[in-house]
Amino acid sequence: MMEKYIGVLKACGADAWEAVSTKTKGWEFYFIGHRLDQNRAKNVEHVTLKVYKKAEDGSLGVASAEVAPTETEESLRKIVGNLVYQASLVKNKPYLLNGPMPFTPLGTKPEPLGDSSKAFLETMAGIRETETEYLNSYEIFTSQVERRLVNSEGVDVTETYPSSMLDVVVNARKDGHEIELYRLYKLGACDSEQLKQDIEELMKFGKDRLSARPTPALGSVPAVFSTDAALEIYNYLLDNLDASYVLRRMSSFALGKPIAESIEGDRITLRSLRELPNSPSNFACDSEGAPIRDAELIRDSVPQRYVGSRMYAQYLGLEDAFMVSNWSVSGGSKSAEEIRSGRFLEIVEFSDFQVDSVTGSIFGEIRLGYYHDGEGNVTPVTGGSLSGNMAENLGCMYMSREVRRYADAEIPCVTRLEKMTVSGVEQA
Amino acid sequence: MKAPFSEYLNGLLPGLRRLIELLEPDYDYVSVLSTDSKGLTVNISQHAKAVGNKTMTTERGTVVRVRRDGLYSEYALDRFDARHPELAAAEIGEALSQQLKLLKATGCQVYETAALSDEPLELLVEKETGQLPEEAELPALVERLSAISDKGMGLSEHMLDCMARAQSTHICKLFLTKNRCLRQSYVYSEGMVAAIVGRDGQNKMGYRSMSALGGPEVFAKLSDKVEEAVRDAEQMLDAERIVPGEYEIITSPEVTGLIAHEAFGHGVEMDMFVKGRALGADYIDKRVGSDLVTMHEGALCAEDVTSYAFDDEGTLAGDVVEIEHGILKAGICDAISALRLGTKPTGNGKRENFEHKVYTRMTNTIFDSGTDSLEDMIRSVKFGYLLEGMESGMEDPKHWGIQCILQMGREIRDGKLTGKIVSPVIMTGYVPDLLGNISMASTDRGVFGSGGCGKGHKEWVKVSDGGPYLKTVGRLG
């Protein structure tokens, strides 16, 4: 099928072109309690074609289209011809597409859908529930994906990988009152032991939330993150290394210059990884054909290299940039136990924790936190919100030596931000 | 002009009818949804300009729903060959029987559900539009957006970038069963201007958006938005942090819409009732807001991005009064959840696209207007904030918590705007308290459809929401 697209693109008169086909075969199972609500299967292909057209003034136009696999060759020619015209309407500073570059394939092979589905079904059936903490509902998604990228400069890369997702709602009840907690796990194949551990931890959080008190108005207080919310904190760093942020001066990160004026906390080391065990994002090349590398992006809180798409990378004069798929943050100087010292609020459940990569603003409504008053007392709390700004915290972050994996990232088990504010629902 | 229904889908019709005939001996319910929705996207910034045909809702494919032994199953494919429907029938039968074998081997129990009704109905709806995205005057649109971006850059010395985006989608959907053939075609459009400013290492972003049922002709209004976006961003540079606490607040129509969506939008999606995930199930006919609170939900209650004629299960669009003068009256429901709950579907069964499952989803969720003027509302505030600009929201239907992240609050003291801005603002609280404290509502209202809505953290669909300015009490941080 790809040959049909390539033939049309080669003949269209564009100065450069790119075609990406992503074929997905997937099985899905939806449960209410442990009863099957619905089963689904899919067999689909998404094809995106992109054409580039140079103008007389040297500028470069680009237009893209997603085309259905059912398009006839005649309609395809019309669509691509139209793309060439559309590309001529927009003017960008010129840049070149990636050419073929040496890389070592990862050799990831997805297991049959029946096998991966069976692993998830059995894992979920084996979750230890109690009378008061139990699975409300869950959704299992397993898929095999084949992605092929071809461009006019000679890139032709095909990668096959597994991609799975598990959506879980856990309920907890006490004295006629019931609450729920939610998780969306993204992974390669089913990791039964890790999932059981995570979901059983979630049930414990549910139990604690039922006995939680309204969060006091704590005002300024250090915040500790020990669940997947911490990914948002590190994604801020990753986004600010992106060439598109740097070029537009939305990032203040500069190579060789520390990310904060003074660093009193742990120094941060962030790496790009080609491969991370059971990640759904184990790719040898990015979506533009650039080989993904194991590389230090930030070392000891000093940016070492920028990342990003071909266009922005070339605008910045970077020749070997790529888009990050997997990444890791090294552990810090203290153990998780040492980080949990003094007065702080550890938040394990938010409604929707966010770190704005442009402004650095940090927000989240607290669904479950543990307030440590610094005198040995720990109180589960709920309600109110946490706020702060990354710029003020970059120099005073602490990270545990222990690390844990989430989807395509490995980060410290515990992260502590010193300069945070808690708006409570009752006076402290 | 009328948005013409897809010739491609008309061409599939005989083959899809035959597919249903081929599947019927094995199943006691068979339906097909086929889609062919085309789009247009133009993105212009100072550094990158691009044109494309993909939007959040462009798609072409087919999903087949079947029922056997009380279990609903679905198969999504994008290569249906109308000349050989037997190939699709065999592919569907093979995949689903493999799944059933696995489910049997693992001892899965089924949530048995009755068969959906199949009342005869033929419908073809082609809604009015000025233009089609497929036929947009692209040079003029690119020029307009480029002019917006350039103008924005000239409005402030602190500008880092000014982005302008225009998207338009021509939705065509065909729903087919043995007895029903429903076809619809409509066009919606949405646009956005975002201004990013930076000063002394601090960045802020202001944005303004627009949406409408209609084609690319509506982007003429986008040019008016750039000054407001830049002004907002500039003002946020000088903003202070809010002192956390409970305040008298006035919500702008956009923020009102976010409250409608998060509070009693998600809270009364009745597939959540089936799962026991929503407190709303226990509050029908009980008070959840002040007398001033009346809220509608349905594809028929506004003309915006999700004002369809029928949903993705072939249920005709509705207009549900969810809250009437503060009393919770009804929820919204997809067809399978309605069967399970013994009620009627409301036309709210939606899919992200043909590849995804149907859930109960919102369409237009809107508070009714009141009788107050904004000026009187501001005059009535001793100390509080006028809240503007929606960033994001999150609900907790099981506990009625709400989180709204907002761009800014304009300080009001002694009945007057002081000119002081706080930003950003996170509003949290307990939904019945927030709605119960509504004491004034303005006569006007706005409807906003430029965003998307997820179920949990996935299943993104278009929705719109809105209402008037509301005065209430909120916890801000």
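Domain 1 of chain B covers 7-106 + 123-237 and domain 2 covers 245-476, with bounds that come from an automatic or database domain assignment. Before going further, please note that this is a predicted model, in which local features need pLDDT of at least 70, side-chain atom pairs count only at pLDDT 80 or more, and totals for chains, interfaces and linings use all residues. Residues are numbered from 1 along each chain as its sequence is written, while chains are lettered from A and ligands numbered from 1 in the order in which they are written.

How confident is the predictor? The mean pLDDT of chain B (pLDDT is the predictor's confidence in each residue, from 0 to 100) is 96, and 100% of its residues reach 70 or more. The model scores ipTM 0.96 and pTM 0.96.

Back to the two domains of chain B: 31 residues of domain 1 are in contact with 26 residues of domain 2, where contact means that the C-beta atoms, placed from the backbone, lie within 7 Å. On the domain 1 side, β8(B) gives the largest share, seven residues. Strands and helices here are DSSP runs (E, at least two residues, for strands; H or I, at least four, for helices), numbered from the N terminus. This side of domain 1 of chain B divides into 16 nonpolar, 10 polar and five charged residues. Ala, Val, Leu, Ile, Met, Phe, Trp, Tyr, Cys and Pro count as nonpolar, Asp, Glu, Lys and Arg as charged, and the others, Gly among them, as polar.

Now look at where the chains meet: 65 residues of chain B are in contact with 65 residues of chain A. Strand β4 (residues 71-77) gives the most to the chain B side, with seven residues. β4(B) also pairs with strand β2 (residues 35-54) of chain A, in the parallel sense over six bridges; two strands pair if DSSP finds at least two bridges between them. Within this pairing, Q38(A) has Y72(B) as its bridge partner.

Finally, turn to chain A, where six strands form an open sheet in the order β13-β12-β11-β14-β22-β21, with mixed pairing. Its edge strands are β13 (302-303) and β21 (403-406), each pairing on one side only. Strand β12 (residues 295-299) of chain A meets β13(A) in the antiparallel sense over two bridges, and I298(A) stands opposite P303(A) in β13(A).
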